[in-house]
Amino acid sequence: MAATPLPESVSIREVGPRDGLQNEQPIPTEGKVRLLDALSGTGVRRIEAVSFVHPKAIPQMADADEVWQRARRVAGVRYSALVPNLRGARRALDADFSEIEVVVSASDTHNRRNVNRGTAESLDDIAELIALLHAAGAHVEVIVATSFGCPYEGDVDPHRVAGIVDRVVADGADRVAFGDTTGMATPRRVRELVTAVRDRQAAVPVLLHFHDTRGTALANLLAALELGVTEFDASVGGLGGCPYAPGASGNVATEEVVHMLHDMGVETGIDLDALLAAAELAEELVGRQLPSGVLRAGPRTRLTPTS
């Protein structure tokens, strides 16, 4: 059987400064700025920079405004912010963000643990957010968390996820992302979800966000590539997780994704050496060894495929 052709290039959104650091002990503002600036110099073209949330909910993001004011903006890099509600959306707009992300969980239980309301209520709130943000000229991406499974409810029906996509697209969402919140995804689940969504919303830009809890993140990414998906989240060093999902380990490491893709001839535009330097900085800032295997491999061996 002939292999499925892979795309020539993919777009990676670096989520370490937000999704990664919000799951660590709070680090000083200066450190966050250093990491954001280092990542801006790697060649990555999309970065999730901060989230505008209440400091009591996520104290790690309490200094989001200051971090963003002090960060170096690099031409050609698209920076985005995550917001949970109208107040956060207004803060993001005041900070001059034009790419905004909002989250809803496919699992009703996870959504209640995350934002203290059911999925249906959150979808109503998101409709208001989209209207407000579009009126201000911003683009909106809706992230559907627990798309591949929930730590509280177990399996999530792909058709339930597809129904959520139908709703947010009808409400005006510009893009949709699917989060593997606790690393329950497998290549089979990836194929089923992407197929279910595309059968109903073939024209909507899709991004996938994988965790490596069970060691399947790169296999899932390859399965998505074979389906023609070309947009992915990843986090420097494998930082991240989910504070409302028991057992959630870190996001797939950006350098592991880049290493694999480049070795397969798929371009990312990212300088792996610069990315590894940013991963080393991330380790310094959080004060512990990060799970990235590529970072552990060392400069002379990390690009050499093993037999």
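The lining of the largest pocket is made up of 19 nonpolar, 12 polar and nine charged residues. The structure here is a predicted model, and its largest pocket holds a volume of about 820 Å³. A search of the whole structure also turns up one cavity of 30 Å³ or more.

**The largest pocket**

- To find the pocket, start with Leu-82, Pro-84, Val-103, Asn-114 and Val-115, which are the closest to its centre of the 40 residues that line it.
- Several elements give two or more residues each to this lining: the helices are H1 (16-20), H4 (86-94), H5 (108-115) and H6 (119-135), and the strands are E4 (99-105) and E5 (139-145).
- Helix H6 provides the largest share of the pocket lining, with four residues.

**The largest cavity**

- The largest cavity contains about 50 Å³ of space.
- Its lining consists of Pro-17, Lys-32, Leu-36, Ala-49, Val-50, Met-61, Asp-63, Ala-64 and Val-67.
- Helix H2 (29-40), strand E2 (46-51) and helix H3 (64-70) are the elements that each give two or more residues to the cavity lining.
- By class, seven of the cavity-lining residues are nonpolar, two are charged and none is polar.

**Helix H8**

- Helix H8 covers residues 187-198, and its 12 residues should span 16 Å at 1.5 Å a residue, which agrees with the 16 Å between its end C-alpha atoms.
- Arg-189, Val-190, Leu-193, Val-194, Ala-196 and Val-197 are the buried residues of H8.
- What do the buried residues of H8 pack against? Their partners are helix H7 (158-170), strand E6 (175-179), strand E7 (206-209) and helix H9 (217-226).

**Glu-255 in helix H10**

- Glu-255 sits in helix H10, which runs over residues 254-263.
- Is Glu-255 buried or exposed? Glu-255 counts as buried because its relative accessibility is 0%, and the cut-off for buried is under 20%.
- Leaving aside residues up to four places away in sequence, Glu-255 touches Val-236, Gly-237, Leu-272, Leu-275, Leu-276, Ala-279, Ser-292, Val-294 and Leu-295.

Notes:
Residues are numbered from 1 along each chain as its sequence is written. This is a predicted model: local features need pLDDT of at least 70, side-chain atom pairs count only at pLDDT 80 or more; totals for chains, interfaces and linings use all residues. Side-chain values use heavy atoms; hydrogens and water are left out. On a 1 Å grid over the protein atoms alone, a cavity is a set of points where a 1.4 Å probe fits but cannot get out, and a pocket is an open set with protein on both sides within 12 Å along at least five of seven lines; lining residues have an atom within 4 Å of a point. Grid points are joined across faces, edges and corners, and a volume is the space filled by probe spheres set on the points. Ala, Val, Leu, Ile, Met, Phe, Trp, Tyr, Cys and Pro count as nonpolar, Asp, Glu, Lys and Arg as charged, and the others, Gly among them, as polar. Buried means under 20% relative accessible area, exposed over 50%, partly exposed in between (1.4 Å probe, protein chains only). Contact means heavy atoms within 4.5 Å. The expected span of a helix is 1.5 Å times one less than its number of residues.
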